[in-house]
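Me: Hi! Could you walk me through this structure in plain words?
Reply: Happy to, let's look at it together.

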Amino acid sequence: MTVMETTPAPARTKVDACSAAPEAHPRPDGQDRYTISEVVAFTGLTAHTLRWYERIGLMPDVDRSHTGQRRYSNRDLDWLAFVGKLRLTGMPVAHMVRYAELVRLGEHTFQERKELLESTRRDVLNRMAELQDTLAVLDHKINFYAGAPQAPERA
């Protein structure tokens with residue numbers, strides 16, 4: 001196979017990631033203490049980003065060993081996965097930090113958290129509509145060029 005040849009991608013079934021069971025964690029609860037380098041390997045985030053999340057209040061209360069090393073839990077990994085999804089939505093960091101603050105404040109903030117997520121959802125739907133329009137324009141142009149006569153080869 002040359003570089004220019006491609007093979008079709010295997011058919012993928014749609015899975016609702018929110019309703020699917022989460023992936024099993026590498027370690028069971030109670031034995032789930034991960035170093036910052038292990039979390040970097042699991043999440044793809046950098047150590048700098050993890051420390052920054054902690055500094056700005058997006059990842060507060062990270063447990064520490066007796067020597068002061070960060071020790072992350074499965075719950076922390078779940079939170080980081082959720083923050084990653086929020087980042088993909090384009091939610092501003094300030095809103096993510098506000099959401100984290102609301103979570104820490106407790107159940108009486110459910111309504112405000114819901115409103116923040118609903119606002120982000122509306123933004124995502126608007127961006128998706130814009131991208132669908134853009135895709136339609138690209139498809140139109142591609143079809144135009146597919147039907148256009150080929151330029152003669154130069155001798």
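**Chatting through the fold**

Reply: The chain's secondary structure comes to five helices and two strands (DSSP runs numbered from the N terminus, with helices being H or I of at least four residues and strands being E of at least two). This is a predicted model, where local features need pLDDT of at least 70 and side-chain atom pairs count only at pLDDT 80 or more, while totals for chains, interfaces and linings use all residues. Residues are numbered from 1 along each chain as its sequence is written, and side-chain values use heavy atoms, leaving out hydrogens and water.

Me: What pattern does the chain follow along the sequence?
Reply: Along the sequence, the pattern reads α-α-β-β-α-α-α.

Me: What does the pLDDT average over the chain?
Reply: The average is 87, and 85% of the residues score at least 70. pLDDT is the predictor's confidence in each residue, from 0 to 100. Over residues 1-9 the pLDDT is below 50, and beyond near neighbours in sequence this stretch has one contact in the model (contact means heavy atoms within 4.5 Å).

Me: OK, helices now. At what angle do H1 and H2 pack?
Reply: Helix H1 (residues 36-43) and helix H2 (residues 47-56) pack at about 105°, and their axes are 9 Å apart. That makes H1 roughly perpendicular to H2. For the cut-offs, under 35 degrees is roughly parallel, over 145 roughly antiparallel, 65 to 115 roughly perpendicular, and the rest oblique. The axes are lines fitted to C-alpha atoms, for helices over the stretch in contact, with angles from 0 to 180 degrees between N-to-C directions.

Me: And which residues make that contact?
Reply: H1 brings Ile36, Val39 and Val40, while H2 brings Ala47, Leu50 and Arg51. By class, the contact of H1 with H2 has five nonpolar, no polar and one charged residues. Here Ala, Val, Leu, Ile, Met, Phe, Trp, Tyr, Cys and Pro count as nonpolar, Asp, Glu, Lys and Arg as charged, and the others, Gly among them, as polar.

Me: Which residues in the largest nonpolar core touch the most other members?
Reply: Of its 21 residues, those are Val39, Leu50, Tyr53, Leu58, Met59, Tyr72 and Leu80. A nonpolar core is a set of buried Ala, Val, Leu, Ile, Met, Phe, Trp, Tyr and Cys residues joined through side-chain atoms within 4.5 Å. Buried means under 20% relative accessible area, exposed over 50%, and partly exposed in between, with a 1.4 Å probe and protein chains only.

Me: Which elements give two or more residues to this core?
Reply: They are H1, H2, helix H3 (74-89) and helix H4 (93-105). The largest share, five residues, comes from H3.

Me: Switching topic: is Asn74 buried or exposed?
Reply: Asn74 is buried, with a relative accessible area of 3%, and it lies in helix H3. Leaving aside neighbours within four places in sequence, Asn74 is in contact with His25, Arg27, Pro28, Asp29, Asp32 and Tyr34.

Me: Where is Arg27, then?
Reply: Arg27 is in the segment before H1 and is partly exposed, with a relative accessible area of 26%.

Me: Last one: where does Asp61 sit?
Reply: Asp61 is in the loop between H2 and strand E1 (63-64). Asp61 is exposed, with a relative accessible area of 70%. Its phi is near 60°, a positive value in a residue other than glycine.
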